[in-house]
Amino acid sequence: MSMRPGRRHFLRITGAIATAAMVGGPVEAQRRRGTMRELEAAVRATVGEGPIVEGRVTVEIPALVENGNAVPLTVRVESPMSADDHVRAIHVFSEKNPRPSIVSFHLGPRAGRAEISTRIRLVDTQTVVAVAETSDGRRWSGRTDVVVTLAACLEDA
Amino acid sequence: MRTRTLVKVPATARRGEVVEIKVLVSHPMETGFRRDRTGGAIPVDIIRRFECRYDGDTVFAADFHPAVAANPFLAFTTVATTSGTITFEWVGDNGFAHRESAEIQVE
C-alpha cells in the first residue's frame, strides 16, 4: 500500500476544490467582450513584431464547455526540445475575455516535452489562441474554437 | 486561510526519462472584474508567477493573468537528470508567497 496519493485521489480533491470555487453570487448581465483585434494587439505586445506562422501548436479544449470558470486547457508544440532547438515560451490568449492575456509558460530543453495543461476562465463562446516562441527566434501559433454554455463569473459577489 | 497544495512528482525515475509534474495551489484568483454587494469593485488578487526549480535550476515557470481559474492547476514535464529536490514557488498579490518541495530519486 503506497503512502503516495494516487491519481484518483488527486482528481477527486482537485474536483472538489474546483466545485467549491464555482459557488458564487447571482449571474448578472455580463460586461463587455473583447475582440479579435484586442487579441492581436496583446499578441504583438507579448512577442513583438515579425512573422507568426500557423502550425506546430495544438490548443486542446473540449469543444463544448459547460462551465467557463474552470476550462481544461492543454497546449502542445511539436519540437525536439533539444539544447539547440526548443520551445522557450508559450503564450495563451482569449478573444472575448475582458483581457486577452490568459497565461504564459516559460520552458526549455529540460522540459523534455512542450506540453502543458492548466484550467482557465472563458467568459463566452470564442477562439483561444496560443503562440509559441522557439529557440531560433521564430513564432508559431495554433487556435481552437470553444462553445461555452455557462460563462465564467464576472457576476457580483 | 491556510494555503493548501497538491504536488505530484514521481518518487523515482530513470535518468533521462521525461516525468510529469502536477501541482495545484488553493487561491481564489479574484479577477478584479467583480463587484461586492454595495457595488464597489472587488480588487484583483491573483497569483502572478509560478516557478519550478530542479536542484536550483529553473526548469519551468508560468505568468498568470486573471483568466487562470481559481486554485491554479498546472501539469508540465521535466527531464529526470539527477536525484534531488524539486521546489515549487507561487508568488502573487498582497504578499502571497508559498513554497513546496518534493524529492526525486533518479537511477
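How many residues does the contact take from chain A and from chain B?

## Contact between the chains

The contact takes 36 residues from chain A and 34 residues from chain B, two residues being in contact if their C-beta atoms, placed from the backbone, lie within 7 Å. On the side of chain A that touches chain B, the elements giving two or more residues are α1 (7–22), β6 (101–106) and β7 (115–120) of chain A. Helices (H or I, at least four residues) and strands (E, at least two) are DSSP runs, numbered from the N terminus. That side of chain A divides into 16 nonpolar, ten polar and ten charged residues; Ala, Val, Leu, Ile, Met, Phe, Trp, Tyr, Cys and Pro count as nonpolar, Asp, Glu, Lys and Arg as charged, and the others, Gly among them, as polar.

## Basis of the model

This is a predicted model, in which local features need pLDDT of at least 70, side-chain atom pairs count only at pLDDT 80 or more, and totals for chains, interfaces and linings use all residues. Residues are numbered from 1 along each chain as its sequence is written, while chains are lettered from A and ligands numbered from 1 in the order in which they are written.

## Strand pairing

An open sheet of six strands has the order β2(A)-β4(A)-β7(A)-β6(B)-β3(B)-β1(B), with antiparallel pairing; strands pair if DSSP finds at least two bridges between them. Its edge strands, β2 (57–60) of chain A and β1 (5–8) of chain B, each pair on one side only. Four antiparallel bridges link β1(B) with β3 (residues 18–25) of chain B, where V25(B) is the bridge partner of T5(B).

β6(A) is joined by four bridges to the antiparallel β5 (residues 57–64) of chain B, and H106(A) stands opposite A61(B) in β5(B).
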